[in-house]
Amino acid sequence: MVTLVTILRVLLLLSLVICAIATALSKKVMTALIIFTAYSLIMSVLWFLLRSPDLAITEAAVGAGVDGILLFLTLRKLHLIDKDPEEHAEPIAEEGHDEK
């Protein structure tokens with residue numbers, strides 16, 4: 001007989017695979033980082049369901065927390081994500097006026 005916990009495990013495993021594929025196929029770096037963080041959170045729930053709370057806490061703290069922050073800071077340092085979109089916006093020229 002299929003229990004609720006079994007259904008939950010299957011759904012979590014499917015979402016884990018979807019997150020892994022989506023991270024690999026994502027064209028935007030920030031989107032990939034967010035999906036990767038979700039992957040780590042799902043993995044920590046799976047570790048908890050597998051009766052390994054020490055690994056669950058470690059995965060949540062390191063995988064989602066520290067890795068996410070370090071990757072975000074690295075992407076900002078490499079200018080792969082913008083600090084403020086207004087800084088990089090080009091001025092809009094008014095119609096009828098030539099800029100020389």
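Tutor: Begin with contacts along the chain. This is a predicted model. In the protein chain, 48% of the contacts with a separation of 6 or more join residues 24 or more positions apart.

Student: What elements does the protein chain have, and in what order?

Tutor: The protein chain has three helices and zero strands. From the N terminus the order is α-α-α. Buried residues make up 19% of its 100 residues.

Student: How do you know that the span of helix α2 agrees with its number of residues?

Tutor: Helix α2 covers residues 29–49, which is 21 residues. Just after α2, R51 takes a positive phi of about 65 degrees.

Student: Which residues of α2 are buried, and what covers them?

Tutor: The buried residues are A32, L33, I35, S40, I42, M43, S44, L46 and L49. Their cover includes α1 (4–25) and α3 (53–77).

Student: Why is L13 called partly exposed?

Tutor: L13 has 46% relative accessibility. Buried needs under 20% and exposed needs over 50%, so a value in between counts as partly exposed. L13 therefore is partly exposed. L13 lies in helix α1.

Student: What makes up the largest nonpolar core?

Tutor: Eight residues: L12, L16, C19, I35, I42, M43, L46 and L49. The elements giving two or more residues to this core are α1 and α2. The largest share, five residues, comes from α2.

Student: What does L12 touch, beyond residues up to four places away in sequence?

Tutor: L12 touches I42, V45, L46 and L49.

Student: Why is α2 called roughly antiparallel to α3?

Tutor: Their axes come within 7 Å and cross at roughly 170 degrees. Angles over 145 count as roughly antiparallel. So α2 is roughly antiparallel to α3.

Student: What kinds of residues form the contact of α2 with α3?

Tutor: The residues divide into 16 nonpolar, five polar and two charged. On the α2 side they include L33, F36, W47 and F48. On the α3 side they include L55, E59, D67 and F72.

How values were computed. Residues are numbered from 1 along each chain as its sequence is written. This is a predicted model: local features need pLDDT of at least 70, side-chain atom pairs count only at pLDDT 80 or more; totals for chains, interfaces and linings use all residues. Side-chain values use heavy atoms; hydrogens and water are left out. Helices (H or I, at least four residues) and strands (E, at least two) are DSSP runs, numbered from the N terminus. The expected span of a helix is 1.5 Å times one less than its number of residues. Buried means under 20% relative accessible area, exposed over 50%, partly exposed in between (1.4 Å probe, protein chains only). Contact means heavy atoms within 4.5 Å. A nonpolar core is a set of buried Ala, Val, Leu, Ile, Met, Phe, Trp, Tyr and Cys residues joined through side-chain atoms within 4.5 Å. Axes are lines fitted to C-alpha atoms, for helices over the stretch in contact, and angles run from 0 to 180 degrees between N-to-C directions. Angles under 35 degrees count as roughly parallel, over 145 as roughly antiparallel, 65 to 115 as roughly perpendicular and the rest as oblique. Ala, Val, Leu, Ile, Met, Phe, Trp, Tyr, Cys and Pro count as nonpolar, Asp, Glu, Lys and Arg as charged, and the others, Gly among them, as polar.
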